[in-house]
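Biologist: Could you take me through this model? I would like to begin with the overall fold and then look at some details.

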Amino acid sequence: MRPETLAIRTQTERTGEKEHSTPLFLTSSFVYDSAEDMAAAFEDDSLDVNIYSRFSNPSVDEFVKKVCLMEGAEDGIATATGMAAVFSSFMTFVSAGDHIVSASAVFGSTHAILTKYLPKWGVEYSYFDMNKPETIEGLIKKNTKLLYVETPSNPGLDIIDLKYVADICKKHNILFIVDNCFATPAVQQPIQFGADLVLHSATKFMDGQGRVLGGVVVGKKDLIKQMYLFIRNTGPSMSPFNAWVLSKSLETLFVRMDKHAANALHIAQKLEGHTALSWVKYPFLQSHPHLHIAQKQMSNGGGILTFELKSGLEGGRKFLNNLKWLSMTNNLGDSRTIASHPASTTHSKLTEEERQAVGITPGLIRLSVGLEHPDDIIEEILDALK
Ligand SMILES: Cc1ncc(COP(=O)(O)O)c(C=O)c1O
């Protein structure tokens, strides 16, 4: 079966109730038929027997299985949030004295883990510019354990050649981890290009309706086994309810991503050249500096676009205030179109220099394009710009 069908038809084994839609296993723990069975369940840290929902749960397993099939991964593990997926990936594989190479254009909280927390525990990092991949190799040291990228990046929409980076990682025997949150497996499958681990904030397009938080990491079986033990013991596990919501959402991920991308491309094309804007950025726009890489590894440009208001920081605030129905919130990947102004909100505490380093200019507006009629979205934006 093809991924579109697997995302719909993969389901927990039907119970005696003969339900059609997938059941929700809202239970903290599981029972045993005998003391011997209970003892055996604890014997080998195996995933085969459900023990306790911090370790495994059928609703969570169903969600993970679908993501594995869609990403072409051997195995996976779910977490409570996207940040738990990022943090658990780092903490499982690095020790004091290790070094991480990362793109500088990463999500704000990932930047905080790399720059504020990991150094406290003796793990150092080096940043590279996504637009200068030729500098990556020079940053790799003897103690480099892993390389981390987001592509497209949040919010800069920078694109990096996954195969190029994967080959460097293979040559130096370091782990290659990709945050695939913006593209989703419906648009890009980094494992196909050589990534070892792929992670997501499932909170975004995977949910698609802004309801629950979640994260997931998929990749090679032996790596996931190590992550499973870390997560089982430290506790950032996904709730069964959230997994049930997310698993149902994956059934529509392909059709939703097609529509998000069609709307986003249409709006990006309409906005390009507007007199109030310095530029418009979208991975599949002819003007994107890495269009050829995007077309090589993505099936469409995804649902996020950005533009820069000539009127800068004040203009960003004014634009948000001029919106009538378009949502002003910091989430993304929703059926509802969302506008955000990172410089005055999520990244307001950074210095101007730090904002520049992660690609956030004063008048940058990030648009998470929803599933409404594209003409309604464009009319709303043009009115606000006016
Ligand atoms: C690219 C990216 N990675 C990770 C995260 C963190 O995900 P969560 O909010 O689910 O913890 C986000 C959240 O916006 C994100 O955009």
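This is a predicted model: local features need pLDDT of at least 70, side-chain atom pairs count only at pLDDT 80 or more; totals for chains, interfaces and linings use all residues.

Biologist: How many helices and strands does the protein have?

Modeller: There are 14 helices and 12 strands; these are DSSP runs (helices H or I, at least four residues; strands E, at least two), numbered from the N terminus. The radius of gyration is 21 Å, close to the 21 Å of the globule rule for 386 residues, so the protein is as compact as a globular protein of that length. That radius is taken over C-alpha atoms, and the rule is 2.2 Å times the number of residues to the power 0.38.

Biologist: What share of the residues count as buried?

Modeller: Of the 386 residues, 56% do, where buried means under 20% relative accessible area (1.4 Å probe, protein chains only). Among contacts between residues at least 6 apart in sequence, 71% join residues at least 24 apart; a contact means heavy atoms within 4.5 Å.

Biologist: Turning to the open sheet of 5 strands, what is its order?

Modeller: The order is S8-S9-S12-S11-S10, with mixed pairing; two strands pair if DSSP finds at least two bridges between them. S8 (277-281) and S10 (327-328) are the edge strands, each with a single partner, so one side of each has no neighbour in the sheet.

Biologist: And how do S11 and S12 run?

Modeller: S11 (residues 338-340) and S12 (residues 364-368) run antiparallel and are joined by 3 bridges. Ser-340 stands opposite Arg-366 in S12.

Biologist: Which residues is Ser-88 in contact with, leaving aside neighbours within four places in sequence?

Modeller: Ser-88 then contacts Thr-79, Met-227, Phe-230, Ile-231 and Pro-236.

Biologist: What do the buried residues of H5 pack against?

Modeller: They pack against H4, as well as strands S2 (99-103), S3 (124-128) and S4 (144-150). Within H5 (residues 108-117), Thr-110, His-111, Ala-112, Ile-113 and Leu-114 are buried.

Conventions:
Residues are numbered from 1 along each chain as its sequence is written. Side-chain values use heavy atoms; hydrogens and water are left out. Buried means under 20% relative accessible area, exposed over 50%, partly exposed in between (1.4 Å probe, protein chains only).
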